[in-house]
Amino acid sequence: MEKKTVLQIKDLHVRFDTDDSRVYAVNGVNLDLREQETIGLVGETGAGKTTTVLSVLRLLASNPGAITEGEILVNGKNVLKMSDSELEAMRGNEVAMVFQDPMTSLNPVMTVGDQIAEAIEIHEKVSKAQAFKLAKKMLETVGIPGYRAGDYPHQFSGGMKQRVVIAIAIACHPKILLADEPTTALDVTIQAQVLDLMKKMAEEFKTAMILITHDLGIVAETCERVAVMYAGRIVEIGTLEDVFNRTAHPYTEGLFNSLPDLSDRSHEPKPIKGLVPDPTDSYSDRCAFANRCPYAVEQCWQKHPEEIILSDTHMVMCDRYQEKGFHIERGTEHE
Amino acid sequence: MVRYFIKRVLTLIPVLLAVSFLVFWLMSMTGDPARTIAGDTVTEAQLEQMRETMGLNEPITVRFGRWLSNALLHGDFGKSLYGDDCWKEFALRFPHTLKLAITSILLTIAIAVPFGIVAAVKQNSWVDTLLSSTAILGLSMPTFWMGMLLIVLFSVKLNWLPSGGDNGTILSLLMPMFCSAVNNVALVTRMTRSSMVDQIRADYLRTARAKGVSEKKVLWGHALKNALIPIITTIGTQLSFLIGGTTVIETVFSWPGVGSYTVACIRSNDFMPATCNVVLISTMTAVILIVVDMLYAFVDPRIKARYKRG
């Protein structure tokens, strides 16, 4: 059965103008998120993952960040054309977000109960007291005893704070949850707990999720689909199977090769050669990965690669696949 | 919390004792009240006789001890050279000072905090530049000069407002209130702006926006409360200055407050009322500072937690 698309990002371009340069953060991202699915968004720092996700809630600092092109449809409505009040009604209600650093993403002078209740009060027609009661319940849902609702963020540990942030995000049962490296700032032992919690919440409330991470292990555990970003574009997207077992993009292969293999001590991780892409270059006239790509040929330097459909679920942005029989080391031959 | 408060009040005692003694001693150094009363026509022997009856020949510590015990036990702060009771004189003038101080600080808050927030939000825009340069202008304009300009305009030319005194209506209050607020508005605006600028890019504001909080509430609810501590500090300090009486403004507008009275007393070597005024004002200043400290705890739970620990 085909699932409904809840979030559609079409040809999104974002750039930041600073005093002396123009940074091309996102250069034409296309992404469909369907009901109840979890997409992992991976890529190195500066690839435009966070910018893409923040655009969905229009949370980019308006100055100097600017969405120059594209459409973002949440349940069919274009976020970029929403009025302020429509935007406020959508934020936290239809689309919610979990941020990277729980240490700074909670208001230090407000009780956690109030911070959760605030979201409920805005979106649901309930009294202040009722909202606080619901907030307590929400805290319990994320594994924090309800009596702690009157405590302030500094009285919680990092993992607990992230649970509070999650509670805020899911307080109004959003259809879409955006998670920006929700576990990066946490202790390794806590990471698994928080991920499990998010997964559980997403299932319980039937929430679709975009999970930003650069940990491929997390992706394998929690996501159904994977999108790989490089220099502001999605260079490969597919099911977990597609990307992990039938890897198509040379950059994705590079990512896998740079992982250490714990089962083989003699295995040397191979980092991707060369420098990270220049953010002030939009790479519209050539492949952004060409200078680091072991498979690059003359034509990769001459035009920007197209999206090539390998199967119903698998897309790669690499022109070499136009050649019959081309495949990378890790991948398999595609028809 | 209560323990911290009591501790703060207790530390106040030695401070106020030291201040009282210092003021008492300095005042007694400034001149000879006996000569002030007697004038130039008396002989040295007569002067000596007067000093003896006024108790001026006793050691400073003895005189201070007597003054202090009278003040603490009987509420008797001594008499002025003209025989007026110091406490009564103070109580007569202080309400005027307090009225001016409170209204002026309220006016300051009402103008400066919104200005500061707007300047911070529109950081580096023309609005910010306009507000900031107005603030500098307000800060650098001498109050006596501005006071005189106002009198010329509103009292002499337009005849709208009384040029001085406190006739009990808002009309006589307007100009002195405005004048004493100008400098403070400038200061508090700048403090609010810089404190808000620190908060405005904070992550928790993004969290608030992400849950659908309106921009107005994000600024006034979330950001301002976090930016409040330095603002409260500035306002508290300014208020304690105002409580001391703004001598310049009281003089320009013939405002019957404590400040100009104290200066007049000092100039005429009338040191009992001067001492009384200064000591009472310092006590109030100290109390205001404690109140500001306690306000911190209500604004920031982290400070409250620290107070609780002792």
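1. Does F154(B) count as buried, partly exposed or exposed, and at what relative accessibility? At 22% relative accessibility, F154(B) counts as partly exposed, where buried means under 20% relative accessible area, exposed over 50% and partly exposed in between (1.4 Å probe, protein chains only).

2. This is a predicted model, in which local features need pLDDT of at least 70 and side-chain atom pairs count only at pLDDT 80 or more, while totals for chains, interfaces and linings use all residues. Residues are numbered from 1 along each chain as its sequence is written, chains are lettered from A and ligands numbered from 1 in the order in which they are written, and side-chain values use heavy atoms, with hydrogens and water left out.

3. Over all chains there are 17 aromatic pairs, a pair being rings of Phe, Tyr and Trp (its six-membered ring) with centres within 6.5 Å, and with planes under 30 degrees apart counted as stacked, over 60 as edge-to-face and the rest as tilted. The rings of Y295(A) and F326(A) are edge-to-face, because their planes stand at 85°, with the centres 5.9 Å apart. Y295(A) is buried at a relative accessible area of 16%, and F326(A) is likewise buried, at 9%.

4. The rings of F154(B) and W160(B) make a tilted pair, since their planes lie at 40°, with centres 6.1 Å apart; W160(B) is exposed, with a relative accessible area of 57%.

5. For charges over rings (NZ of Lys or CZ of Arg within 6 Å of the ring centre and within 35 degrees of the ring normal), the charged end of R148(A) sits over F156(A), 4.1 Å from the ring centre, and R93(B) lies over the face of Y261(B) at 3.7 Å.
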